[in-house]
Amino acid sequence: MTISDRYREVTRDIDAFLGVLRRQGVDENHGPRKIAKAAQTLHELYERVGEIPRMRLEAELTPVLISAHKQLDWARLLFEENDESTRAVAVWELEQKVYRLLNDL
């Protein structure tokens with residue numbers, strides 16, 4: 001799978017998780033707002049990611065991925081503070097996907 005495909009997959013996974021949280025009625029202050037910010041950050045390059053030349057992928061994707069990772073980490077901490085360990089684990093898995101993509105750049 002290409003970097004572009006993986007980027008889009010991570011973005012869709014975050015969107016899907018956010019959708020689940022919203023359907024469950026989770027308080028926006030307990031993490032979903034941060035997850036939404038991560039998704040929004042990733043969506044900025046969602047359509048263009050396949051057009052970025054391989055030589056520039058690292059330079060263009062790294063700041064976006066780091067920002068999304070930071071937002072996810074913040075959301076995970078909010079879930080942990082509110083004793084929502086299942087949701088915190090789910091966010092941790094999303095963080096790991098972003099981190100692995102960063103490492104592969």
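This is a predicted model: local features need pLDDT of at least 70, side-chain atom pairs count only at pLDDT 80 or more; totals for chains, interfaces and linings use all residues.
T41 is placed in helix α2; helices (H or I, at least four residues) and strands (E, at least two) are DSSP runs, numbered from the N terminus. With a relative accessibility of 14%, T41 counts as buried, where buried means under 20% relative accessible area, exposed over 50%, and partly exposed in between (1.4 Å probe, protein chains only). Leaving out residues up to four places away in sequence, T41 touches Y7, V64, S67 and A68, contact being defined as heavy atoms within 4.5 Å.

Helix α2 covers residues 32–43. Its 12 residues should span 16 Å at 1.5 Å a residue, and the end C-alpha atoms are 16 Å apart, in agreement; the expected span is 1.5 Å times one less than the number of residues. The buried residues of α2 are P32, K34, I35, A36, A38, A39, T41 and L42, and they pack against α1, α3 and α4.

K34 also lies in α2 and is buried, with a relative accessible area of 12%. Its contacts, not counting residues up to four places away in sequence, are Q71, W74, A75 and L78. The charged end of K34 sits over the ring of W74, 3.3 Å from the ring centre; this requires NZ of Lys or CZ of Arg within 6 Å of the ring centre and within 35 degrees of the ring normal. Aromatic pairs, by contrast, number zero in the structure.

Helix α1 (3–23) has 21 residues and reaches 30 Å from its first C-alpha to its last, close to the 30 Å expected at 1.5 Å a residue. Buried residues in α1 are I3, S4, R6, Y7, R8, V10, T11, I14, F17, L18, G19 and L21. The elements that cover them include α2, α3 and α4. After α1 comes G25, with a positive phi near 75 degrees.

Helix α3 comprises residues 54–81 and contains R76. R76 counts as buried at 13% relative accessibility. Apart from residues up to four places away in sequence, R76 touches A88, V91, W92 and E95. In the loop between α3 and α4 lies D83, which is exposed, with a relative accessible area of 72%. D83 has a positive phi of about 55 degrees although it is not a glycine. Most residues other than glycine have a negative phi.

Helix α4 (residues 85–104) has 20 residues and extends 28 Å from its first C-alpha to its last, close to the expected 28 Å. A88, V91, L94, E95, V98, L101 and L102 are buried in α4. They cover an arc of only 140 degrees around the axis, which puts them on the same side of α4; the arc is that of the directions from the helix axis to the C-beta atoms. S85, T86 and N103 are exposed on the other side of α4. The buried residues of α4 pack against α1, α2 and α3.

D104 is also in α4 and counts as partly exposed at 43% relative accessibility. Leaving aside neighbours within four places in sequence, D104 is in contact with I3 and R6. D104 and E58 are 46 residues apart in sequence and 9.1 Å apart in space, C-alpha to C-alpha.

Note on methods. Residues are numbered from 1 along each chain as its sequence is written. Side-chain values use heavy atoms; hydrogens and water are left out. Rings of Phe, Tyr and Trp (its six-membered ring) pair if their centres lie within 6.5 Å; planes under 30 degrees apart count as stacked, over 60 as edge-to-face and the rest as tilted.
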